[in-house]
Amino acid sequence: MYSHGRVLSVATSAGTVTAVTAMPNTGMESTVQIAVAAAAGLLVWAGIYIAQSMFSKH
Amino acid sequence: MPIHTRERRKLALIIPAHNEQMVVGDTIRSAIRAGQSPDDIYVVSDGSTDWTVELAYLVLPDGHVLDQPQMGKAMAMANGILNFGLVQRYEWIHIADADGVFADGYFDELRRRLSPKFVAATGHLQSLKGGWIAKYRVFEYTMGLEVMRRIQSLLGTIPVIPGATCILRTDIVEHLDFLHPSLTEDMDLTLQIHRRKLGKIAYIPQAKALTQDPKDFADYHRQILRWYRGGWQMIRRHGIGRRAGRIDAYMGFMVLEEIVLLMQVTLLPIYCIAIGNYVPMATMFLVDLAAVLGITLWAAWLNRRPDIIAAFPLYYVLRFVNLYTFFRAWFEIVVLRKFGSDAPGWTTEGRRYRIAPEALGVANK
């Protein structure tokens with residue numbers, strides 16, 4: 001339909017299943033830590049972008 | 001088979017418009033700059049109460065603007081085609097939205113590449129420069145057109161010819177029903193071509209058109225809600241999924257993508273909490289992040305738009321808004337059976353804004 005940007009979920013699901021299956025047990029904790037750090041990074045990035053957008057309007 | 005007569009000209013441009021004084025003049029001038037003669041441009045004003053008709057007449061010859069009572073976009077197209085005698089006088093008709101901008105050489109490319117081998121065509125669509133929503137649209141159009149539209153074209157499964165760049169061979173017009181009200185008349189026409197087996201739809205990426213995206217979040221939400229409601233309306237109307245056709249399989253895949261994404265953000269976290277292991281969820285997030293970031297960087301490079309990278313985290317917000325809206329529209333149309341018939345309104349009313357000169361600059365890159 002009109003949805004263009006989300007034609008990824010089947011591929012990313014397949015990638016996830018492959019990665020989790022192949023992942024050694026020792027890598028589990030670090031994967032969660034990296035994901036949390038990435039999510040936090042995205043939030044900070046979004047905050048900076050919004051603040052900059054608001055600042056540039058005034 | 002197409003009818004060929006020596007008298008017929010190659011390509012007419014018809015622009016249905018309702019209260020488009022903000023943009024219609026720029027759109028016509030853009031078409032002329034892109035290679036279309038004013039003699040081959042026509043405007044249908046559908047019940048406009050502003051200066052749309054007068055502004056169109058400033059640029060176009062006498063007799064090239066039809067001013068009709070408000071009947072809706074599809075009827076404006078049908079009446080314009082009939083009133084201007086386009087089927088008899090032209091081989092192809094290009095329908096365009098009133099807020100379109102065409103890249104240099106757009107119509108020359110079309111005239112060169114339109115072939116009797118297909119019955120309809122669509123050019124390449126790009127987003128005009130704008131705020132964070134326009135930036136997200138660069139990401140969406142790159143994925144949806146540079147990748148998916150080429151695949152759809154190869155498979156013969158283009159599900160929608162966008163209203164901004166919709167080209168029909170005139171001999172199929174009589175087989176199309178413009179009278180049935182629809183929230184998304186462009187998808188309705190496209191699915192009629194598939195269902196009636198009228199012929200192939202071509203994708204012509206060399207012909208680039210640009211479109212104006214919503215200027216704020218509320219406007220964006222209204223637009224995608226109309227698109228998704230219209231999409232589900234068309235799935236029901238054309239019985240998509242009830243036949244073993246290519247278009248059924250492809251649109252089934254598109255719905256599957258949404259269902260899988262919904263499961264990723266709902267069932268997967270529940271599953272991870274239940275088993276006390278967050279690795280699958282973390283891995284899913286990182287794989288998705290890598291894919292979306294990779295496409296964003298590629299889109300920035302391809303479109304020479306590095307500015308779109310800055311808004312990357314906000315794309316996640318819009319992706320989830322889209323997901324919610326998709327299933328909301330499904331519930332309204334498929335479960336509640338709402339919007340069975342529609343008044344001939346225009347959802348573009350009040351949405352337009354002047355196209356900034358710096359935004360137009362991208363049209364000629």
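Which residues of helix 2 of chain B are buried? Point 2 takes this up, after a note on the model.

1. This is a predicted model, in which local features need pLDDT of at least 70, side-chain atom pairs count only at pLDDT 80 or more, and totals for chains, interfaces and linings use all residues. Residues are numbered from 1 along each chain as its sequence is written, while chains are lettered from A and ligands numbered from 1 in the order in which they are written.

2. The buried residues of helix 2 of chain B are T52(B), L55(B) and A56(B). Buried means that 20 or more other C-beta atoms, placed from the backbone, lie within 10 Å of the residue's own. Seen down the axis of helix 2 of chain B, these residues fall within an arc of 100°, so they line one face of the helix; the arc is that of the directions from the helix axis to the C-beta atoms. Their cover includes strand 1, helix 1 (24-33), strand 2 and strand 3 of chain B. Helices (H or I, at least four residues) and strands (E, at least two) are DSSP runs, numbered from the N terminus.

3. Helix 2 (residues 52-59) of chain B lies across strand 1 (9-17), strand 2 (41-46) and strand 3 of chain B, at about 170° to strand 3. Axes are lines fitted to C-alpha atoms, for helices over the stretch in contact, and angles run from 0 to 180 degrees between N-to-C directions. Contact means C-beta atoms, placed from the backbone, within 7 Å.

4. Chain B has an open sheet of 8 strands in the order 3-2-1-4-7-6-8-5, with mixed pairing. Two strands pair if DSSP finds at least two bridges between them. Strand 3 (65-68) and strand 5 (101-102) of chain B are the edge strands, each pairing on one side only. Strand 5 of chain B pairs with strand 8 (residues 201-211) of chain B in the antiparallel sense over 2 bridges, and F102(B) stands opposite A209(B) in strand 8.

5. The domain assignment of chain B gives domain 1 (9-216 + 347-364) and domain 2 (246-335); such bounds come from an automatic or database assignment. In chain B, 15 residues of domain 1 are in contact with 17 residues of domain 2. Helix 6 of chain B gives the most to the domain 1 side, with 10 residues.

6. The contact between the chains takes 27 residues from chain A and 36 residues from chain B. Helix 2 of chain A gives the most to the chain A side, with 11 residues.

Notes. Two residues are in contact if their C-beta atoms, placed from the backbone, lie within 7 Å. A residue is buried if 20 or more other C-beta atoms lie within 10 Å of its own, exposed if 12 or fewer, and partly exposed in between; C-beta atoms are placed from the backbone.
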